[in-house]
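Please look over the sequence and the structure shown below before reading on. The report then goes from the whole chain to a few of its parts.

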Amino acid sequence: MAKYLIQVKGLRELNKALNQLPEAVRGDVLEDVLTETAKPFAEIAQQHAPVLTGFLKGSIGVVTEFKTSKSVQVAIRAGAINRPPYGFYQEFGTAQHGAQPFMRPAWDALKRRAPAMIRAALRKRIAQAAAAIGRRGSA
């Protein structure tokens, strides 16, 4: 399946805020933010997924592929990992049938809003983590 990378430069403030959190919490914050902001993409993909049996539509979801305290990779998946790439065949078509895109329409619908969605989720989640740490520290 195609992968897209959103790269945002000039995030010194983000690094500073994350570095004020305990290392054990940083990866969780990043994972929560990326998962939260990927869910609307998955929901739109489900709305556009072709339905014959419902398997493809039901298999679309957000998964964490990799996580450390400094790096997290979250993906929107369609189809079973150990099966033929049915989602790929539907998205791009084959020699036997034309493409029935479902992931691309989701990307097209939200790609311009994605950085703002991530920024808002980061602010919220970092503040929540800092407040939780403050409560634990004062208890």
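## Basis of the model

This is a predicted model, in which local features need pLDDT of at least 70 and side-chain atom pairs count only at pLDDT 80 or more, while totals for chains, interfaces and linings use all residues. Residues are numbered from 1 along each chain as its sequence is written, and side-chain values use heavy atoms, with hydrogens and water left out.

## Overall layout

The chain has six helices and two strands, which follow one another from the N terminus in the order α-α-α-β-β-α-α-α; helices (H or I, at least four residues) and strands (E, at least two) are DSSP runs, numbered from the N terminus.

Of the 139 residues in the chain, 32% are buried, where buried means under 20% relative accessible area, exposed over 50% and partly exposed in between, with a 1.4 Å probe and protein chains only. Among contacts (heavy atoms within 4.5 Å) between residues at least 6 apart in sequence, 62% join residues at least 24 apart.

## Nonpolar cores

A nonpolar core is a set of buried Ala, Val, Leu, Ile, Met, Phe, Trp, Tyr and Cys residues joined through side-chain atoms within 4.5 Å. The largest one has 15 residues, of which Phe41, Ala45, Ile60, Ala78 and Phe102 touch the most other members. The elements giving two or more residues to this core are α2 (23-48), α5 (103-110) and α6 (114-138). Apart from it lies another core of twelve residues, including Leu30, Val33, Ala121 and Leu122.

Leaving aside residues up to four places away in sequence, Phe41 touches Ile76, Ala106, Trp107, Leu110, Lys111, Ala114 and Met117.

## Where α2 meets α5

In α2, the residues Pro40, Phe41, Ile44, Ala45 and His48 meet Met103, Pro105, Ala106, Trp107, Ala109 and Leu110 in α5. The two helices, α2 and α5, pack at an angle of about 135°, with their axes 8 Å apart.

## Lysine 70

Lys70 lies in the loop between β1 (61-67) and β2 (72-77), and Lys70 is exposed, with a relative accessible area of 69%. Although Lys70 and Ala24 are 46 residues apart in sequence, they are 9.8 Å apart in space, C-alpha to C-alpha.

Note on methods: Axes fitted to C-alpha atoms, helices over the stretch in contact; angles between N-to-C directions.
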